[in-house]
Amino acid sequence: MRFSALQSIYGLVAAFFCLLPAAAPAQVPRENAIQADLLAETDAPAPGQIFTIAIRMRPDEGWHGYWLNPGEAGLPNRFEWTLPEGVSIGELRYPVPERLSISGIMNYIYYGEYAMLAEVTLDESVAPGTALPLRAEGQWLACTDEICVPEDGPLAIDLVAGSGGVTDAGMFDGYRATMPRPLGSEAVFELAGDTLRIGIPFPASASVSAPYFFSETDRVLDYSAEQSISRNGDMLIVEVAAASDAGAADRIAGLIKIGENDGLMLAAVPGAVPPAGEPISGEPSVASTMSADIGTVLLALGGAILGGLLLNIMPCVFPILSLKALSLAKAGGEERAVRRDALAYAAGVIIVCLALGAVLLGLRAGGAAAGWAFQLQDPRMILFLFLLVTAIALNLAGLFEVPGFAGGGRFADKGGATGSFFTGALAAFVATPCTGPFMAAALGAALIVPTAVALAIFAGLGLGLALPFLVLAYVPALRAKLPKPGPWMERFRHIMAVPMFLTALALGWILGRQTGVDGMTLGIAAALGVALMLWWIGRRQAAGKRAWLPVMPALAVTLAALVLIPTSTPAEAGAYEGGALAAESFSEDRLAELRSEGRPVFVYFTADWCITCKANEAGAMNRQAVADHFAAENIAVLVGDWTSGDPVIGRFIESHGRSGVPLYLFYSAEGEPEILPQILTVGMLTELSA
């Protein structure tokens with residue numbers, strides 16, 4: 001059905017009456033119903049650089065604001081800027097909107113707090129210390145379901161040219177998480193009778209939920225008409241009743257919503273649109289959302305269990321195999337005690353995986369671009385692990401004794417089960433720097449399914465990690481093949497201190513990469529202090545005295561170090577650039593530029609705390625044969641460093657169905673990227689071709 005002139009008149013009349021003051025004075029707010037503030041990501045922007053500002057809108061309860069195209073009624077926001085010399089502001093970017101239909105009139109709106117972002121460029125000629133007053137006069141429309149009130153007000157913020165240090169990273173990362181991403185490919189549209197058809201490139205493997213097309217271009221579609229959206233291979237097909245200007249349009253801009261607070265900005269040009277494919281429900285019910293495609297959920301759960309099982313032999317987990325080996329070596333006791341010990345170990349693993357998963361989901365619900373191993377992006381957590389692993393290594397070396405880790409003691413006593421529980425908890429915690437085969441897709445799925453299903457996937461990961469111990473505990477024939485307990489266990493325990501010391505060395509290096517020389521020096525000093533206290537404990541144990549008196553000084557040293565450690569990353573840009581593959585720092589703009597040149601591109605994402613990443617870089621990527629092949633094929637290399645949790649990189653990783661590093665992508669001269677396995681070989685890389 002064509003969008004008629006009668007409908008247009010009806011919409012204009014409705015909007016006119018909506019703008020009239022309400023008859024009841026008590027309903028008219030004395031102050032603005034939408035409070036507007038101007039915020040900046042830095043209060044000291046650096047000359048010659050770009051920084052981000054936000055116009056934060058906070059509607060009162062029951063009120064709403066409007067998207068850049070308000071729909072059939074409402075008014076778009078307007079802001080008139082007054083800027084100092086040397087400052088320029090780009091276009092405002094709006095978050096993904098919601099829909100509100102009143103009496104058949106469709107509105108594109110926002111309930112609750114939202115923010116519009118803009119990039120501000122500060123000319124390099126501006127001297128440090130220069131005052132930068134940013135001013136704007138704003139006009140916006142505030143509405144309830146019954147009345148609308150035009151509002152206005154001044155916006156102001158005072159900045160000073162300086163170092164460019166970010167002061168509100170968390171808040172702005174939350175705002176960025178609500179922003180639609182650019183599609184990156186051109187869409188097409190055609191007019192078929194009274195129907196506007198839009199073809200949007202979208203990989204068949206990518207998930208989409210409750211899609212809807214918000215048109216930025218006005219009068220090309222009937223806003224209130226039902227949209228039919230289907231999937232035909234790598235294309236989303238939108239079909240909707242056309243409006244008056246659809247036939248004359250040479251470009252249609254808009255936003256395709258693909259999930260809750262998730263969307264893609266796009267531009268469509270005239271072209272042939274494929275036939276409609278499999279319909280996609282626009283409004284999924286709670287039941288269909290919770291089912292989340294039972295096959296996909298079971299596949300993700302199976303991948304998590306298998307990924308956890310394989311994690312036992314991954315490079316990032318091998319250093320803690322010393323603790324596991326001691327636990328296995330003790331497993332020669334009575335059946336009941338063996339199974340209790342294994343269950344305690346499994347409980348420690350699963351509880352930590354569930355806790356990490358719950359915190360990760362909570363951070364993402366708050367807008368943070370967090371991924372698997374998010375806690376290792378904080379130098380304080382690296383320092384804590386550094387001190388903990390150092391203490392465990394000294395225990396294994398025999399400097400002091402802890403019943404849970406010592407080789408002696410009755411296997412069935414409370415200390416044995418408690419020690420196994422904390423051994424399992426430590427295993428799960430230290431295993432987070434890496435994602436192994438099967439695990440990446442499972443954890444990526446966990447970020448988009450309902451919370452209960454996501455937690456089940458994280459529990460499955462823990463079950464897989466603990467599975468070898470459970471099998472040994474409940475299959476006596478396998479356990480019988482283990483070496484019998486004896487004096488060799490003490491020697492083996494001392495030998496196993498070596499990989500733990502190497503783990504501590506690696507963590508110290510990561511700490512230095514994250515915090516610089518000062519932070520690493522503080523960490524080493526804290527480790528020496530803790531070691532001294534543990535030596536004191538060992539001496540008192542040998543003398544038969546009360547052993548735990550020095551614990552308090554050791555804890556004081558640890559807490560002091562955690563408080564004093566720098567939490568900001570030192571200014572060391574391009575740490576992964578260059579090298580054997582002549583890598584450049586990753587950015588989506590640079591990737592788009594290389595692809596527009598027709599060059600094949602190898603993109604990889606790494607982190608200092610990811611041991612799998614380091615193994616791949618040393619064992620496959622930094623080999624001369626790979627460098628020669630890449631040079632011969634003219635393959636460009638981009639590297640993204642996720643050591644400190646860059647939210648831009650986090651969102652890019654997430655857009656490819658992954659939740660952590662490593663991630664390896666190969667873009668041939670044409671087509672979609674190929675996601676490579678997480679364990680690379682020289683042969684695999686030398687087979688890549690344009």
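The secondary structure of the protein chain comes to 19 helices and 24 strands. Helices (H or I, at least four residues) and strands (E, at least two) are DSSP runs, numbered from the N terminus. This is a predicted model: local features need pLDDT of at least 70, side-chain atom pairs count only at pLDDT 80 or more, and totals for chains, interfaces and linings use all residues. Residues are numbered from 1 along each chain as its sequence is written, and side-chain values use heavy atoms, with hydrogens and water left out.

**Confidence**

- The mean pLDDT of the protein chain is 79, where pLDDT is the predictor's confidence in each residue, from 0 to 100.
- A pLDDT of 70 or more is reached by 79% of the residues.
- Over residues 1-30 pLDDT stays under 50, and the model has 39 contacts beyond four places in sequence for them; contact means heavy atoms within 4.5 Å.
- Residues 283-292 also stay under 50, with 12 such contacts.
- Where pLDDT is low, the predicted coordinates should not be read in detail.

**Overall packing**

- Of the 690 residues in the protein chain, 49% are buried. Buried means under 20% relative accessible area, exposed over 50%, and partly exposed in between (1.4 Å probe, protein chains only).
- Take contacts between residues at least 6 apart in sequence: 77% of them join residues at least 24 apart.

**Aromatic pairs**

- Rings of Phe, Tyr and Trp (its six-membered ring) pair if their centres lie within 6.5 Å; planes under 30 degrees apart count as stacked, over 60 as edge-to-face and the rest as tilted.
- By this rule the count comes to 17 aromatic pairs.
- W67 sits in strand β3 (residues 64-71) and Y108 in strand β7 (residues 105-111), so the pair ties together parts that are 41 residues apart in sequence.
- Both W67 and Y108 are buried.
- W67 and Y108 form one aromatic cluster with Y212, F214 and Y223.
- R99 lies over the face of Y212, 3.9 Å from the ring centre. A charge sits over a ring if NZ of Lys or CZ of Arg is within 6 Å of the ring centre and within 35 degrees of the ring normal.

**Helix pair α13 and α14**

- Helix α13 (residues 497-542) packs with helix α14 (residues 551-564) at an angle of about 170°, with the axes 9 Å apart.
- That makes α13 roughly antiparallel to α14. Angles under 35 degrees count as roughly parallel, over 145 as roughly antiparallel, 65 to 115 as roughly perpendicular and the rest as oblique.
- Axes are lines fitted to C-alpha atoms, for helices over the stretch in contact, and angles run from 0 to 180 degrees between N-to-C directions.
- Residues of α13 that meet α14 include L522, A526 and M533; among their partners in α14 are V551, V557 and L564.

**Loop residues**

- V661 lies in the loop between α18 (647-655) and β23 (663-667). V661 is buried, at 2% relative accessible area.
- V661 and T612 are 49 residues apart in sequence, with 8.6 Å between their C-alpha atoms.
- Most residues other than glycine have a negative phi.
- A210, not a glycine, has a positive phi of about 45°. A210 is in the loop between β13 (195-201) and β14, and counts as buried at 17% relative accessibility.
- R219, not a glycine, has a positive phi of about 60°. R219 is in the loop between β14 and β15 (228-231), and counts as partly exposed at 46% relative accessibility.
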